[in-house]
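Please consider the sequence and the three-dimensional structure shown here.

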Amino acid sequence: MLAGSLAAACQVRVVDFLKDRGLDVNAAGPLLVQADPARHRVVLVNTITASISLIDTAAGQVRNIATGTRVPQFLKGEALAVNAGNGHIYVIADHAVVAVFPETGKVFSIPTGDQSESLAVDEGSATLFLA
């Protein structure tokens with residue numbers, strides 16, 4: 001009976017932070033994070049919402065970009081790379097690599113056939129290496 005009376009006394013209130021901030025994609029399930037100091041931002045990969053959050057540390061703003069594909073939850077930090085030269089973001093997805101070009105908001109999913117677990121980018125040639 002005690003649990004029932006406690007539940008009756010509780011109130012649940014929904015707070016929608018998206019609308020107040022002008023966000024169109026909820027960034028849930030943060031999994032991977034990497035700093036991009038050249039652009040004063042932090043890149044956060046969200047697995048539940050299949051999105052990437054770009055946190056502008058200078059302006060204190062967040063921009064979410066939908067990737068269209070989820071990142072497997074077993075992946076580690078090696079599954080995310082930011083090209084320091086041009087700011088392009090690469091992340092391993094389910095049997096694919098997702099390339100995100102933040103300046104235009106364009107996202108490309110490139111099928112890989114096999115499931116990769118780590119990647120690296122050569123900043124000079126923009127060549128992507130998968131393992």
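Two salt bridges are found in the structure, a salt bridge being a side-chain nitrogen of Lys or Arg within 4 Å of a carboxyl oxygen of Asp or Glu. The structure is a predicted model, in which local features need pLDDT of at least 70 and side-chain atom pairs count only at pLDDT 80 or more, while totals for chains, interfaces and linings use all residues. Residues are numbered from 1 along each chain as its sequence is written, and side-chain values use heavy atoms, with hydrogens and water left out.

In one of these salt bridges, Arg-39 is joined to Asp-36, with 3.0 Å between the closest N and O atoms. In another, the side chain of Arg-41 meets that of Asp-36 at 2.8 Å, N to O. How exposed is each member? Burial is judged by relative accessible area: buried means under 20%, exposed over 50%, and partly exposed in between, with a 1.4 Å probe and protein chains only. Asp-36 counts as buried because its relative accessibility is 2%. Arg-41 is buried as well as Asp-36, whereas Arg-39, at a relative accessible area of 27%, is partly exposed.

Helices (H or I, at least four residues) and strands (E, at least two) are DSSP runs, numbered from the N terminus. Along the sequence, the pattern reads α-α-β-β-β-β-β-β-β-β-β-β. The protein chain has 131 residues, of which 34% count as buried. Contact means heavy atoms within 4.5 Å; among contacts in the protein chain between residues at least 6 apart in sequence, 39% join residues at least 24 apart.

Four of the strands form an open sheet in the order 1-2-3-4, with antiparallel pairing; two strands pair if DSSP finds at least two bridges between them. Its edges are strand 1 (30-36) and strand 4 (61-66), each of which pairs on one side only. On average, and with direction ignored, neighbouring strands of this sheet are turned by 20 degrees against each other. Such angles run from 0 to 180 degrees between N-to-C directions, and the axes are lines fitted to C-alpha atoms, for helices over the stretch in contact. Strands of a sheet pair through backbone hydrogen bonds, either parallel or antiparallel.

Within this sheet, six bridges connect strand 2 (residues 41-46) with strand 3 (residues 51-56) in the antiparallel sense. Asn-46 is found in strand 2, and its bridge partner in strand 3 is Ser-51. Asn-46 also has a side-chain link: a polar contact of 3.0 Å joins it to the side chain of Ser-53. A polar contact is a pair of N or O atoms within 3.5 Å; within protein, one must be able to donate a hydrogen and the other to accept it, and residues adjacent in sequence count only if both atoms are side-chain atoms. Is Asn-46 buried or exposed? Asn-46 counts as buried because its relative accessible area is 1%.

A further open sheet of four strands has the order 5-6-7-8, again with antiparallel pairing. Strand 5 (80-82) and strand 8 (106-111) each have a single partner strand, so one side of each is left without a neighbour in the sheet. Neighbouring strands here are turned by 20 degrees against each other on average, direction ignored. Strand 7 (residues 96-101) and strand 8 run antiparallel and are joined by six bridges; Phe-101 has Lys-106 in strand 8 as its bridge partner.

The nonpolar interior remains to be described. A nonpolar core is a set of buried Ala, Val, Leu, Ile, Met, Phe, Trp, Tyr and Cys residues joined through side-chain atoms within 4.5 Å. The largest such core has 25 residues, and Leu-32, Val-43, Val-45, Ile-52, Leu-80, Ile-89 and Val-91 touch the most other members. Strand 2, strand 3, strand 5, strand 6 (89-93), strand 7 and strand 9 (119-122) are the elements that give two or more residues to this core. Strand 7 supplies the largest share, six residues.

Leu-32 lies in strand 1 and is buried, with a relative accessible area of 3%. Leu-32 and Leu-80 are 48 residues apart in sequence, yet their C-alpha atoms are 7.0 Å apart in space. Beyond its neighbours within four places in sequence, Leu-32 is in contact with residues including Val-43, Val-45, Leu-80 and Val-91. With the corresponding neighbours left aside, the contacts of Leu-80 include Leu-32, Val-43, Val-45, Ile-89, Val-91 and Leu-119.
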